[in-house]
Amino acid sequence: MACGSTSLWAGEATWFCCGNAWGSCGSAGTGACGTCQSSKNMAAWPNLSAACWDITRPDLCGENMPRRTCGAVVNVRHQCSGAAVCVTLADCGPRTKSFCGESACCNGACRTNRVIDLTPAAFTAIGSLSSGKLPVYIYE
């Protein structure tokens, strides 16, 4: 699947570590798909499978996100800067239900609820790791 421009979702992006030690990450597991690497443009999606959905439960925050499986490709764009990165889904997450109502804002515009986790490589392509979270649009 190509990295497209059809709107899929919007919300808050955070970052996580997976795979071999890289940058600010130590070694970690390779995620639900077994392929996740912090040094590559990859992401975790809350509805990667039924088992994943049972853990993340974005619906409890009002986010009834569609299922996308291991290897699906999405384009994540920073809401304010317009910077974008194409990522491959490689893990289950974030645990949206634990952060209902959390928001990330820029220029007075906010997005709520964690809807995607990016590897450090992907996150730094569109923002600073020190910000921790970004308001984003997601396309496929």
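**Ground rules**

I am working from a predicted model, where local features need pLDDT of at least 70, side-chain atom pairs count only at pLDDT 80 or more, and totals for chains, interfaces and linings use all residues. I number residues from 1 along each chain as its sequence is written, and side-chain values use heavy atoms, with hydrogens and water left out.

**Entry: around R114**

I find R114 in strand β7. Strands here are DSSP runs of E with at least two residues, helices are runs of H or I with at least four, and both are numbered from the N terminus.

Next I asked which residues R114 is in contact with, leaving aside its neighbours within four places in sequence. I get E12, T14, P94, T96, F99 and E102; contact means heavy atoms within 4.5 Å.

One of these, E102, also makes a polar contact with R114, side chain to side chain, at 2.5 Å. A polar contact is a pair of N or O atoms within 3.5 Å; within protein, one must be able to donate a hydrogen and the other to accept it, and residues adjacent in sequence count only if both atoms are side-chain atoms.

**Entry: salt bridges**

How many salt bridges does the count come to? I get five, taking a salt bridge as a side-chain nitrogen of Lys or Arg within 4 Å of a carboxyl oxygen of Asp or Glu.

I note K133 as partly exposed, at 30% relative accessibility.

Another salt bridge joins the side chains of E140 and R68, at 2.7 Å from N to O. E140 belongs to the segment after β8 and R68 to the loop between α1 and β3, so the two tie together parts 72 residues apart in sequence. E140 counts as partly exposed, at 22%.

I also wrote down D59 with R57, where the closest N and O atoms are 2.7 Å apart. D59 is partly exposed at 22% relative accessibility, and R57 is partly exposed with a relative accessible area of 26%.

**Entry: the nonpolar cores**

I reminded myself that in soluble globular proteins, nonpolar side chains tend to be buried together. A nonpolar core is a set of buried Ala, Val, Leu, Ile, Met, Phe, Trp, Tyr and Cys residues joined through side-chain atoms within 4.5 Å.

Which residues have the most contacts inside the largest nonpolar core? They are V74, V76, V87, I116, L118, V136 and I138, in a core of 22 residues. I checked who supplies it: β1, β2, β3, β4, β7 (114–118), α2 (120–126) and β8 (133–139) each give at least two residues.

Not counting residues up to four places away in sequence, V74 touches C3, L8, V85, C86, V87, L89, I116, I138, Y139 and E140. Another core, of six residues, lies apart from the largest one, and among its members are F16, C18, C36 and A44.

**Entry: disulfides**

I searched the whole structure and found eight disulfides, each a pair of cysteine sulfur atoms within 2.5 Å. I went through some of them.

- C17 and C25 have their sulfur atoms 2.0 Å apart, and the link is left-handed, with -75 degrees about the S-S bond. C17 is partly exposed at 30%, whereas C25 is buried at 4%.
- C33 is joined to C70 at 2.0 Å, S to S. C33 lies in the loop between β1 (7–15) and β2 (42–45), and C70 in the loop between α1 (50–56) and β3 (73–78), 37 residues apart.
- C61 is joined to C100 at 1.8 Å, S to S. This pair links distant parts of the chain, 39 residues apart. I have C61 as buried at 16% and C100 as partly exposed at 40%.

How values were computed: Buried < 20%, exposed > 50% of the residue type's maximum accessible area, 1.4 Å probe, protein only.
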